[in-house]
Amino acid sequence: MEKPSYAYAVGNVRAHENGLLNQSELDSLLHSGSVRELASTLSDRGYGLSDKTDDIDRLLDEENEKLWRYLRETAPDDSLFAPFLYRNDFHNAGVILKGILVGRNYLTLLLRPTTVEPELLAQAVRERRYDLLPERMESACRRAYEVLAHTGDGQLCDVILDRGQMEAALDAAERSRCGMLCEYFRLLTAYSDIKILLRGQRTGQAAEWIREALCPVESVPAADVLPAYREGEEALLNRLERLDGGRFEKAVAAYKISPSAFERQMENELMDCARRGKRVTLGPEPLIGYLLAKEAEIRALHIVASGIRTGLPEASIRERLRELYG
């Protein structure tokens, strides 16, 4: 079947943007008396795939499935979304590696959609045939297996796969030549590295371990940040403030308030990047923006549902929420 044009795709996604939750609508959902009521309200809005359900987790999973089905049907080139799917690919690699090596059932932990079928990942691990995997995954999976099999170090296994995922996503974004996609993944990678550095300071990780975890990105050069890391948190924060012409100054200021304030600042900046898709009239940017918007909406609803389920005060739930696209 012939793929749609970008003119059609952008017009279609603009119509779908009208269905995104805005901040006031999300606020009203905070007043739901139970997760069943929350699920019912969302179901009435068209969330999910089929029958009305009061299972909020199932409903949000179905909404994510519906999102990816829509994007694949609408986008002229759905390969642009591959960098986002690598998250699931590498997550699945980790749970399959650990599941097979310790003899534990991992099927319920697998995520979809993917670019690599879990069955192929399982075959590669069982047979130690990592050449069966795409080049972007082969070396990371091979190394993660060796670490897990010979040392049992699950944390280092995760570090190897996390870095492999970020490198693969950043490389795919750069090769796409889509400016917004490149900018988003450069910023995401930079913030991922900064989080690793800051968390490492709190937990006392050695600098060499941190070097292993960092994904190379121009705005956070390891040669600059690792010497400061070795000097301690104050030196590191001072260095981070000056990186890339002060690009991360606001995030560092937020971190000095609290780690959660840093997370909020980081995610809001990423959402600002996603919103730039609204200004593009022809091209992939509006579709990428819609994907990021819908993912942020689903994450916010998971936070609301979790807060309601555990009886958190409304103010506490609100503190965990981030800006929405809509």
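A: Let us begin with accessibility: a residue is called buried under 20% relative accessible area, exposed over 50%, and partly exposed in between, using a 1.4 Å probe and protein chains only. This is a predicted model, in which local features need pLDDT of at least 70 and side-chain atom pairs count only at pLDDT 80 or more, while totals for chains, interfaces and linings use all residues. Residues are numbered from 1 along each chain as its sequence is written, and side-chain values use heavy atoms, with hydrogens and water left out.

Q: Which residues touch the most other members of the largest nonpolar core?

A: A nonpolar core is a set of buried Ala, Val, Leu, Ile, Met, Phe, Trp, Tyr and Cys residues joined through side-chain atoms within 4.5 Å. The largest one here has 88 residues, and those touching the most other members are Phe84, Leu97, Leu161, Leu197, Val220 and Leu240. Helix H9, residues 179-203, gives the most to this core, with 11 residues. Helices are DSSP runs of H or I with at least four residues, and they are numbered from the N terminus. Another core lies apart from the largest one and has 21 residues, including Leu26, Leu42, Tyr47 and Ala300.

Q: With which residues is Leu161 in contact, leaving aside its neighbours within four places in sequence?

A: Contact means heavy atoms within 4.5 Å. With those neighbours set aside, Leu161 is in contact with Phe90, Ala93, Gly94, Leu97, Ala140, Cys141 and Ala144.

Q: Which residues have a positive phi although they are not glycines?

A: Arg177 has a positive phi of about 65 degrees. Arg177 lies in the loop between helix H8 (154-176) and H9, and is exposed, with a relative accessible area of 79%. Asp244 has a positive phi of about 50 degrees and is found in the loop between helix H12 (233-242) and helix H13 (249-257).

Q: Where is the cis peptide bond that involves Pro113?

A: That bond joins Arg112 and Pro113, with omega of about 5 degrees. Pro113 lies in the loop between helix H5 (82-102) and helix H6 (118-127).

Q: How many disulfides does a search of the whole structure find?

A: A disulfide is a covalent bond between the sulfur atoms of two cysteines. The criterion is a pair of cysteine sulfur atoms within 2.5 Å, and the search finds zero.

Methods
Helix = DSSP H or I, 4+ residues; strand = E, 2+ residues; numbered from the N terminus.
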